[in-house]
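Reader: Could you walk me through some ring contacts in this one? I have the sequence and the model open.

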Amino acid sequence: SLRLEMQKTWLFEAETPVAEVTFPTASSYYQQKTSAGHPFGSIAVLEGRSTLAFFYLWSCEYIKANETCSFCFQVMADQAGFNLPSPSMSEVAEIIKWSIENAGVREVQLTAGSLFSSPTECRRYADLLRTIDQQVGLDRIKSEIYCYLTAPKKPTDVDQILEAGAARVGH
């Protein structure tokens, strides 16, 4: 459990203090909007002290066919009645740039809706990475940028994503 002891937050195991707990310094990230007017938080979230995670870059075709993944954020958001925007590639770059400069982001996670055509999905990721590189500079992402996508039928389809600058790809 967490407890406040002598003005500090501590993690306890039963009655034994295990470690002092600190929290990231608050930023104004969640008050920001893209130039198109979309709130940053409806497109990506800050995870911990240094990770920016995009969870819904484009619509998932599996949802349209009622074949959804049980972990899918898009399904949960749709069921809850949220109308999440699909950001433009420039908006993604805009959020990354602001987050590096103002929130200390060092790594970026990109997750999008699955497409029935893995070559198209891989091409979109590669195009997005090139846009980020042009507008922000991939070298400004100090740790890594990684992409989560549908497992392609041909494993070599992901080569273009890696060539465009992703450090790794997950399925």
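Author: Happy to! This is a predicted model, where local features need pLDDT of at least 70, side-chain atom pairs count only at pLDDT 80 or more, and totals for chains, interfaces and linings use all residues. Residues are numbered from 1 along each chain as its sequence is written, and side-chain values use heavy atoms, with hydrogens and water left out.

Reader: How many aromatic pairs does the structure hold?

Author: Rings of Phe, Tyr and Trp (its six-membered ring) pair if their centres lie within 6.5 Å; planes under 30 degrees apart count as stacked, over 60 as edge-to-face and the rest as tilted. By that rule, the number of aromatic pairs in the structure is six.

Reader: What kind of pair do Tyr29 and Tyr30 make?

Author: Their ring centres are 4.8 Å apart. The planes stand at 85°, so the pair is edge-to-face.

Reader: Is Tyr29 buried or exposed?

Author: Buried means under 20% relative accessible area, exposed over 50%, and partly exposed in between (1.4 Å probe, protein chains only). Tyr30, at 44% relative accessibility, counts as partly exposed. Tyr29 has 0% relative accessibility, so Tyr29 counts as buried.

Reader: Which residues form one aromatic cluster?

Author: Two members are the tyrosines Tyr29 and Tyr30.

Reader: Which residue lies over the face of Tyr146?

Author: A charge sits over a ring if NZ of Lys or CZ of Arg is within 6 Å of the ring centre and within 35 degrees of the ring normal. At 4.1 Å from the ring centre of Tyr146, the residue is Arg168.
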